[in-house]
Amino acid sequence: MNKNWSLSQEAFDALLDWLDSDREQAGIKYEQIRSRLIVFFAGRGCINAEDLADETINRVTSKVNEIQKEFDGDPALYFYGVAKWVYTEYLRRKTPQSQSAPIDSARAELEFRCLERCVARLSEEDRALLLKDYGAKGQTQAERRKALADELGITLNALRIRVFRIRTGLKVCIEKCIQDSL
Amino acid sequence: MNPDTERQEMREFLLGTLDRDHKTQFEERILTEPSVYEELLIDEEELIDQYVTGELSAVEREQFESHFLITAERQKNLRFGKLLQKYVNSHVEEPPIPSQSFSFLHTPVRRLASLGLLAAILGAAGIIFIRGFVNRREAASVVQQTTSQVMTVTLQPGSPETQGSTAQSVNLPPRGVEVKLELQLAKPTFSYYKSELFRENKSLKISDEIKIEAKGEQCVVPFTVTGEMLSPGDYQVKLSGVGSGTDEFIDNYSFRVIE
């Protein structure tokens, strides 16, 4: 790829068209592919997994018109193939990375206040579930979850998904709260 | 694939221990099967929780820190996990999950009857507790004899200035005896702790990866030193929480060894 190549709106639109004819669906698929590429690179021990995922997307985007003509299949698989090349190149130029900066106490305090606010906005049922899922001392996560699933009369997997959704909602709420407070 | 096997493979994938062939297959599935990716996200959170609550083995912790925590997103998720644990620890009273099963308490007469029943239960529990306490005291004296090589000292946080003129005193331990310092902790926010013993600003001993212990209603960080290490004088223990990459100072514990 030409290193001076940068993502143009035109190229990005072509990529989205390739992913799906519906623009909204295409946007969702783009985000999904990017998240999964990050997991791919993280799984291979790459510290800058996010950057490598973007690099993979840029490479595909730069040739999307040719790919559309030649490749017939799930676009995710094409990204996967390119990601493997990007990974090989990464190994050749790998440099030590620095640790992420520690969080200062003011930021930590803000995060905690936002968490309190966001938990308070949960339904009583979700709040109780969250506290029980995390709170019981002297039990492992598996033991806590099993007891909780039995108590609620739902399967363990249903409980896992429910807790995951509550936590995902909380994270979004905290992000927004922090943004609003800064 | 068996769901348990698949979850085990996901765990190994996240910790970087899955063999190459399985990893390649797995990578492709993550990219192409939405359900596999969603399950992976749930497993990521569960792994983070297990790390935060100290459920991972020493080997898994090492893999978690060196392999799993390499992306900014996962580091952010770990911070969220720790934050959540801190929140839960600060809300000791767990609200019950709303249920109709206690609706009989809602009428005044039944509430009164229930209070009577509760009083009776508490009375019985009190008798059991007192008997248990007496039994435990008897048992403890036996334990004391069999573990006479360990001297346990519970320390409260604070410097001599904050504790007033009366520093916490510890009798000089006999030779060959280990001294288990139990550092009282207000909130157990970390999975592992680091303690360092000082005398006149000179470091005498450091212990990493210490897990908290429950002592009645409280949590303590155990820190064992040899009796030979102590002689009459003033000592200080610095306690830190072991975070991902950096340690966070928690408190100092001061004591004076007297003859």
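Modeller: Let us begin with a pair of helices in chain A: A:Leu52, A:Glu55, A:Thr56, A:Arg59 and A:Val60 of α3(A) meet A:Tyr78, A:Phe79, A:Val82, A:Ala83, A:Val86 and A:Tyr90 of α5(A), where two residues are in contact if their C-beta atoms, placed from the backbone, lie within 7 Å. These residues divide into 8 nonpolar, 1 polar and 2 charged, counting Ala, Val, Leu, Ile, Met, Phe, Trp, Tyr, Cys and Pro as nonpolar, Asp, Glu, Lys and Arg as charged, and the others, Gly among them, as polar. This is a predicted model, in which local features need pLDDT of at least 70 and side-chain atom pairs count only at pLDDT 80 or more, while totals for chains, interfaces and linings use all residues. Residues are numbered from 1 along each chain as its sequence is written, and chains are lettered from A and ligands numbered from 1 in the order in which they are written.

Colleague: At what angle do α3(A) and α5(A) pack?

Modeller: Two packed helices are described by the angle between their axes and the distance between the axes. Helix α3 (residues 49-62) and helix α5 (residues 75-93) of chain A pack at about 120 degrees, with axes 9 Å apart; axes are lines fitted to C-alpha atoms, for helices over the stretch in contact, and angles run from 0 to 180 degrees between N-to-C directions. That angle makes α3(A) oblique to α5(A), since angles under 35 degrees count as roughly parallel, over 145 as roughly antiparallel, 65 to 115 as roughly perpendicular and the rest as oblique. Helices (H or I, at least four residues) and strands (E, at least two) are DSSP runs, numbered from the N terminus.

Colleague: How do α1(B) and α3(B) cross?

Modeller: The axes of helix α1 (residues 3-15) of chain B and α3(B) come within 10 Å and cross at roughly 65 degrees, which makes α1(B) roughly perpendicular to α3(B). The contact is made by B:Arg7, B:Met10, B:Arg11 and B:Leu14 of α1(B) with B:Glu39, B:Leu40, B:Asp43, B:Glu44 and B:Leu47 of α3(B), and these residues divide into 4 nonpolar, no polar and 5 charged.

Colleague: What is the order of the strands in the open sheet of chain B?

Modeller: Strands of a sheet pair through backbone hydrogen bonds, either parallel or antiparallel. In chain B, an open sheet of 5 strands has the order β2-β9-β8-β4-β5, with mixed pairing; two strands pair if DSSP finds at least two bridges between them. β2 (168-171) and β5 (202-210) of chain B stand at the edges with a single partner strand each, so one side of each is left without a neighbour in the sheet.

Colleague: How many residues of chain B are in contact with chain A?

Modeller: In chain B, 38 residues are in contact with 42 residues of chain A. The largest share of the chain B side, 11 residues, comes from α5(B), and that side divides into 17 nonpolar, 10 polar and 11 charged residues.
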